[in-house]
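Please work through the following exercises with the sequence and the model at hand.

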Amino acid sequence: MTTQTTDTAAARDGDRRSWLKEHSELGVCALLLALGALVLTDALTMDVDIAQRGPVGPRTVPIVVGAGLLLIAALLAVDVLRGGRGQAEGGEDIDLSEPADWRTVLLLTGVFLGSAVLIEPLGFPVAGALLFWGAAFALGSRRVDRDPLIAAGLSLVTYTVFNNLLGVPLPGGPLMGVL
């Protein structure tokens with residue numbers, strides 16, 4: 001009797017895993033739902049007394065975006081539960097039988113986290129150059145004669161566009177007086 005009970009429990013566990021695997025898109029629905037709730041909560045608790053001018057204020061866009069995220073989450077959940085499935089990647093240059101390249105993923109994660117830590121003490125131009133160069137290295141480029149120069153140029157252009165043209169202040173770090 002215990003063997004049969006164990007087999008039944010294992011079958012139920014297998015059925016549950018199979019159902020979850022077939023409906024994995026529900027994870028995206030949950031993420032969209034949480035993000036929509038967060039955006040709406042932030043928008044509705046925003047202090048706008050000073051910035052409010054007319055009927056359309058700073059809350060309008062976040063409320064529309066949050067409501068849109070909730071709507072998309074609900075529509076996607078209904079579609080998934082009715083049997084809708086996303087199409088598998090069909091690109092010519094992708095071999096779906098190969099496992100993920102975790103080395104590249106971990107290198108890119110390290111580069112992003114490193115640049116996030118270094119942006120305050122070194123400034124955006126230096127941290128951005130390290131970010132662009134590290135990302136190129138993680139993705140396979142090994143041109144040490146060219147990649148650092150391109151990364152530095154791209155970082156300086158990005159810094160100039162955001163800081164000077166768009167008015168979004170980025171930390172300049174030690175290069176603040178030079179730039």
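The exercises below concern a predicted model, and they go from the overall fold to helix pairs and then to charged side chains.

**Exercise 1. Overall make-up**

Determine how many helices and strands the protein chain has, and what share of its residues is buried.

Solution. Step one is to take the secondary structure of the protein chain, which comes to 6 helices and 0 strands, so that, read along the sequence, the pattern is α-α-α-α-α-α. Step two is burial: of the 179 residues in the protein chain, 20% are buried. Step three turns to contacts between residues at least 6 apart in sequence, of which 59% join residues at least 24 apart.

**Exercise 2. Helices α2 and α3**

Classify the orientation of α2 relative to α3 and describe the residues of their contact.

Solution. First, the axes of α2 (residues 26-44) and α3 (residues 60-81) come within 8 Å and cross at roughly 160°. Because angles over 145 degrees count as roughly antiparallel, α2 is roughly antiparallel to α3. Next, the crossing in which α2 passes α3 is left-handed. The contact draws on residues of α2 including L26, C29, L33, G36 and L40, and on residues of α3 including I63, G66, L70, A73 and L81. By class, this contact of α2 with α3 holds 22 nonpolar, 2 polar and no charged residues.

**Exercise 3. Helices α4 and α5**

Solution. The contact of α4 with α5 divides by class into 14 nonpolar, 3 polar and no charged residues. The C-alpha atoms of L107 and A138 are separated by 5.7 Å, although the two residues are 31 residues apart along the chain.

**Exercise 4. Helices α5 and α6**

Solution. Contributors to the contact include F124, G128, F132 and W133 of α5, and D147, P148, L154 and Y159 of α6. Sorted by class, the contact of α5 with α6 has 12 nonpolar, 3 polar and 1 charged residues.

**Exercise 5. Salt bridges**

Count the salt bridges and say, for each partner, whether the residue is buried, partly exposed or exposed.

Solution. The count comes to 2 salt bridges. In one of them, the side chains of R143 and D145 meet with an N to O distance of 3.2 Å; R143 is partly exposed, at a relative accessible area of 40%, whereas D145 is exposed, at 51%. In the other, the side chains of D147 and R146 meet at 3.6 Å, N to O. Here D147 has a relative accessible area of 9% and is therefore buried, while R146, at 37%, is partly exposed.

Terms used:
Residues are numbered from 1 along each chain as its sequence is written. This is a predicted model: local features need pLDDT of at least 70, side-chain atom pairs count only at pLDDT 80 or more; totals for chains, interfaces and linings use all residues. Side-chain values use heavy atoms; hydrogens and water are left out. A salt bridge is a side-chain nitrogen of Lys or Arg within 4 Å of a carboxyl oxygen of Asp or Glu. Buried means under 20% relative accessible area, exposed over 50%, partly exposed in between (1.4 Å probe, protein chains only). Contact means heavy atoms within 4.5 Å. Helices (H or I, at least four residues) and strands (E, at least two) are DSSP runs, numbered from the N terminus. Ala, Val, Leu, Ile, Met, Phe, Trp, Tyr, Cys and Pro count as nonpolar, Asp, Glu, Lys and Arg as charged, and the others, Gly among them, as polar. Axes are lines fitted to C-alpha atoms, for helices over the stretch in contact, and angles run from 0 to 180 degrees between N-to-C directions. Angles under 35 degrees count as roughly parallel, over 145 as roughly antiparallel, 65 to 115 as roughly perpendicular and the rest as oblique. A crossing is left-handed if the near helix is turned anticlockwise from the far one by less than a right angle, and right-handed if clockwise.
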